[in-house]
Amino acid sequence: MNYRLLWVDDEIELLKAHVLFLEKKGYEVDSVTNGFDALERCAEQAYDLILLDENMPGISGLETLARIKEILPTTPVVMVTKSEEENIMDQAIGSKIADYLIKPVNPTQILLTLKKNIHQKEIVSEVSQSGYQQDFGKIGMQIDDARTFDDWKEVYRRLTYWEQELSAADSQMMEMLAMQKSEANLAFGKFIRKNYMNWIESDGERPLMSPDIFKSQVFPALNRGEKVFLLVIDNFRFDQWRTLQTEIADSFSIEENLYLSILPTATQYARNAIFSGLMPNIIAQMFPDLWVDEDSEEGKNLNEAPLIKTQFDRYRRRNTFTYHKINDSQAAEKLVQQLPSLSSYDLNVVVLNFIDMLSHARTESRMVRELANNEAAYRSITLSWFRHSAVKDLFRALAALDYTVVLTTDHGSIRCNTPVKVVGDKNTNTNLRYKLGKNLSYNPKEVFEIRDPLKAKLPAPNLSTSYIFALGDSFFAYPNNYNYYVSYYKNTFQHGGISMEEMLVPLITLRPKKR
């Protein structure tokens, strides 16, 4: 493909050598000596890039720039000038020029600005594809050699990095990456099946898990005399965190970690474990009034503030705290307004529900499913929400008020595509990624089964209750009305089971940079 350039300069004759250089590089170059001729050319012909002198007779470069933007609003314009005056640069940059070159220019400078403004996407795509191709084998070896939780955190970080790099570059290698990620999730499932019960049953070393968040992150900060905001974004994945990270990086220094969500990776279990510091069956035993059974009509997360209180009491902590649940932008705006009055508390806990609501809406609404039709689109909607919600104002205010912010979640979610048949009685729960009940029928090779829930520190409503968890991108489907069920739930984001996306979740500590 030949790219067409327009070079506007009243001394164009002196630039013939540069024009010849660009033509030898394969560019078609039109040249004019003033702004009026430039505007005529732009009205007749589309250009891939325009080189525009700032100081010309007739209308100036800045005036020409403004009019070109009306005719060709998306065409990059590079300002070329002898002037190094700061106000000229500011005006040009404020007019959204693509680049700024100071005369005398040399061919290398010009070629670089063309690569940045015309060829960047294809160069980035080529470099990203080449980088992933070189890394593909290394990641495969990492997956094969992963034996510890830290090994799996590194695998997941690497796959997430390439997922975002390749999707931003619109790479054709996304399919290869998806296959490698699927392979990794199957191996991760084997890792969890092998180790999970040992972690839960033993008092020995295990990964940082849901009940440990307050002990490991919140209490130490409070002990140092820091004012802490604990922000729990429901159903928040690591790739979504990486997408939002750039929006707050200017305001905070960032300490990033991943922890392991307990099973089931669902709010009732994982988030209650965070707030109580206890495993689910212990909550049910010690605080039966605060535990809600699966078959109850009552909301599963109505007792979070009392559960936090039980953890403070158990550790004999005298810290003061508040609890807030944010379901919409109006509630977020109200919280921002309340910040001055909240500064008297040692800890403020905030649960943000938008991403979980988005995940459920994507299942139920064809329009939302279309808007978030793949992983990249799902991340994009998350970013758009953050940029245009009061939650971004909340982060800005917390940075100014010198809070330590602990940002985390209870679990993530995975896009499900593989149906697995399961049969249960009418009392079986409805979640698509885990099931518990008395009479479950399934293929044990396709699930992770827990026949003795108490050993996994999970409640057992009946003596014969067992739990099963979906692996990889599978979801449970009933044989009755199977085809309808599969077509409705395929390609939806679900949680409750075993995957890197659900279990390896962000645990971030943010400290204002002004410190």
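The following dialogue examines a predicted model of one protein chain.

Student: On what basis are residues numbered and values computed here?
Tutor: Residues are numbered from 1 along each chain as its sequence is written, and side-chain values use heavy atoms, with hydrogens and water left out. Because the model is predicted, local features need pLDDT of at least 70 and side-chain atom pairs count only at pLDDT 80 or more, whereas totals for chains, interfaces and linings use all residues.

Student: How many helices and strands are there in the chain?
Tutor: Helices (H or I, at least four residues) and strands (E, at least two) are DSSP runs, numbered from the N terminus. On this basis the chain has 20 helices and 18 strands.

Student: What percentage of the 515 residues is buried?
Tutor: A residue is buried under 20% relative accessible area, exposed over 50%, and partly exposed in between, with a 1.4 Å probe and protein chains only. Of the 515 residues in the chain, the buried share is 53%.

Student: Are H6 and H8 roughly parallel or roughly antiparallel to each other?
Tutor: Axes are lines fitted to C-alpha atoms, for helices over the stretch in contact, and angles run from 0 to 180 degrees between N-to-C directions. Angles under 35 degrees count as roughly parallel, over 145 as roughly antiparallel, 65 to 115 as roughly perpendicular and the rest as oblique. The axes of H6 (residues 120-145) and H8 come within 10 Å and cross at roughly 10°. The two helices, H6 and H8, are therefore roughly parallel.

Student: How are H15 and H17 oriented to each other, and what is the handedness of the crossing?
Tutor: Helix H15 (residues 354-364) packs against helix H17 (residues 375-387) at about 140°, with axes 11 Å apart. H15 and H17 are therefore oblique to each other. A crossing is left-handed if the near helix is turned anticlockwise from the far one by less than a right angle, and right-handed if clockwise. For H15 and H17 the crossing is right-handed.

Student: Which residues does Asn281 touch, not counting residues up to four places away in sequence?
Tutor: Asn281 belongs to helix H12 (residues 280-286) and counts as buried, at 6% relative accessibility. Contact means heavy atoms within 4.5 Å. With residues up to four places away in sequence not counted, Asn281 touches Leu454, Lys457, Leu458 and Pro459.

Student: Is Asn235 buried or exposed?
Tutor: Asn235 is in the loop between strand E6 (228-233) and helix H10 (238-248). Although Asn235 is not a glycine, its phi is positive, about 65°. Its relative accessible area is 0%, so Asn235 is buried.

Student: What is omega for the peptide bond from Leu263 to Pro264?
Tutor: Pro264 is placed in the loop between strand E7 (252-260) and helix H11 (267-276). The peptide bond from Leu263 to Pro264 is cis, with omega near -10°.
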